[in-house]
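Subject: Structure for your reading

Dear colleague,

Please find below the structure that I promised to hand over.

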Amino acid sequence: MKPEELLFSETHEWVRIEDADGVKVATIGISAFAVELLTDLVFMELPPVGKHVAAGEEFGEVESVKAVSPMYSPVDGEIIEVNRELPDQLEMLNQDPYGAGWIVKIRLTDETVLSKLMDFGAYQKQCAEAE
Amino acid sequence: MNEQAAKTSLYDWHVAQGARMVDFAGWSMPVQYTSIVDEHQAVRRAAGVFDVSHMGRLRFDGQDAGRFLDRVLTRRVIDLPLGKVRYSLVTNEQGGILDDILVSQLETPSGRRYYLLVVNAGNRDKIVAWFRSLLTPADGDVEMADRTVETAMIAIQGPQSVQILKQLVKVDLDKISYYTGVVIKSFARPCTVTRTGYTGEDGFELIVRAEDAVEVCSNLFRAGREMGLKPAGLGARDTLRLEAGMPLYGHELSEAINPYQAGLGFAVNLQGRSFVGADALRRLQEDVDQPKRIGLELAGRRVPREHYPVVAGGQSIGAVTSGTFSPTLDKPIAMAYVRPEGAGAELAVDIRGRLEPARAVELPFYRRSQRK
């Protein structure tokens, strides 16, 4: 998946929206920029399937040698799937952050929050300003 | 603190190497160049170069300098042989730790003897002011000079350090044993070489003139790159010192902590001595009820961080002061202060609301294998 096809949150999560039989499902991950910033990842905590999250709410955490960072849901909805293989192979986040490094899938309950997310261009601009 | 962070003479060199710079104790310092783990492993397996110019370097001249230092440091200075380095503490009247330092007696190539103190970056102003407040005419001929800005300090640490450094200096490095040092001329420039460090590995710390620092770094890499020498930042310095069980001021050490709690009784010599804090330390030495510094190993992968509570039997018995994920042991480790009732109990660290089982272990977590 190319980052140009994704939406991004200010807190460095990415979102891909898919339509499955009329149900909107968001796949969530963290950006290559965030992975690069964290480096030396050692641990990831995933939420239970079935949990409801609101946009901006913490759904898990990713820990590096240096620090722990919460991961925030960019959307409102119910977690319907988590990438169980990922915590044991965190290098996937370096190798394929926008594909095999996906973290959770969320069934959307409110699509309006999507308008608050950035496209890749705007996100890159935010990252450039942060450096 | 809105003041602009100071730059060491290697600032541009760090940036050119792709370092991520952070403000640390008033200095802009490299936290990492590639990754903390890569730099950590380079130091354990080959060698790494650290800019430690932010550390304070205080020079004491005058025939009474040793006697003055003996009066303000927890270890004896007057019997310190030429070329010897000693780890010591500076304590206040209450026995609280003002700083942990290295003191050495050195000699310039022209034969002038002096003492050198290397102090923590964050404590430099405080310690300079402390010594000034203690210096009286009765101390005699003592001259203190803060040499931090005119000089740079570069550490080369790791098993390959000797092989790399010996290509650059004429002195026989085998004669510089652990915790000794000399002042030499390298390419006609003054250079202090001590066999010291903060990583748990063999290695050296070099003090050179600030204007020579970039060239010294370049020479080290020309000599060592093929042996696996890498630049290493504050991130790796922290994981390395933690594995080596070494305390860090502001975390394990503070004015509220005394040497006995910190497990630094070896750095206090009370025998027949009178120094600032000695009377208080004589009493504190007997206090068995105070919290003590311990090492913790955890079974999971979640990392105990500073201030997280240490729990025994449902009660908080202390707190973590430093923690990381140990690259060498591949598990989370921490140092903590715990009250004595925790001894022998089942321990846990409260990591953001969840209790993670922990085991008290002897420090250091990592000890390098000794050759010979």
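This is a predicted model: local features need pLDDT of at least 70, side-chain atom pairs count only at pLDDT 80 or more; totals for chains, interfaces and linings use all residues.

Residues are numbered from 1 along each chain as its sequence is written, and chains are lettered from A and ligands numbered from 1 in the order in which they are written.

**Chain A**

Chain A has three helices and 10 strands; helices (H or I, at least four residues) and strands (E, at least two) are DSSP runs, numbered from the N terminus. Read from the N terminus, the order of elements is β-β-β-α-β-β-β-β-β-α-β-β-α. The radius of gyration of chain A is 14 Å, close to the 14 Å of the globule rule for 131 residues, so chain A is as compact as a globular protein of that length. That radius is taken over C-alpha atoms, and the rule is 2.2 Å times the number of residues to the power 0.38. Of the 131 residues of chain A, 38% are buried, a term that requires 20 or more other C-beta atoms within 10 Å of the residue's own, with C-beta atoms placed from the backbone.

Seven strands of chain A make an open antiparallel sheet in the order β5-β8-β9-β3-β2-β1-β10; two strands pair if DSSP finds at least two bridges between them. At the edges stand β5 (52–53) and β10 (118–119) of chain A, each with a single partner strand, so one side of each has no neighbour in the sheet. Within this sheet, β3 (residues 23–30) and β9 (residues 104–110) of chain A pair in the antiparallel sense over four bridges, and T27(A) faces K105(A) in β9(A).

**Where the chains meet**

How many residues does each chain give to the contact? Eight come from chain A and 12 from chain B, where contact means that the C-beta atoms of two residues, placed from the backbone, lie within 7 Å.

**Chain B**

Chain B is divided into domain 1 (6–55 + 149–243), domain 2 (57–146) and domain 3 (291–372), with bounds from an automatic or database domain assignment. The centres of domain 2 and domain 3 of chain B, taken over C-alpha atoms, are 34 Å apart.

Five strands of chain B form an open antiparallel sheet in the order β6-β7-β8-β5-β9. Its edges are β6 (85–91) and β9 (143–146) of chain B, each with a single partner strand, so one side of each is left without a neighbour in the sheet. The pairing of β6(B) with β7 (residues 97–107) of chain B is antiparallel over seven bridges, and L102(B) in β7(B) is the bridge partner of Y87(B).

Helix α7 (residues 234–243) of chain B is mostly covered, with nine of its 10 residues buried; among them are L234(B), R237(B) and L240(B). The buried residues of α7(B) pack against β2 (20–24), β3 (27–32), α2 (36–45), β4 (47–51), β17 (315–326) and β18 (331–338) of chain B. Just after α7(B), G245(B) takes a positive phi of about 70 degrees.

A colleague

Note on methods:
A residue is buried if 20 or more other C-beta atoms lie within 10 Å of its own, exposed if 12 or fewer, and partly exposed in between; C-beta atoms are placed from the backbone.
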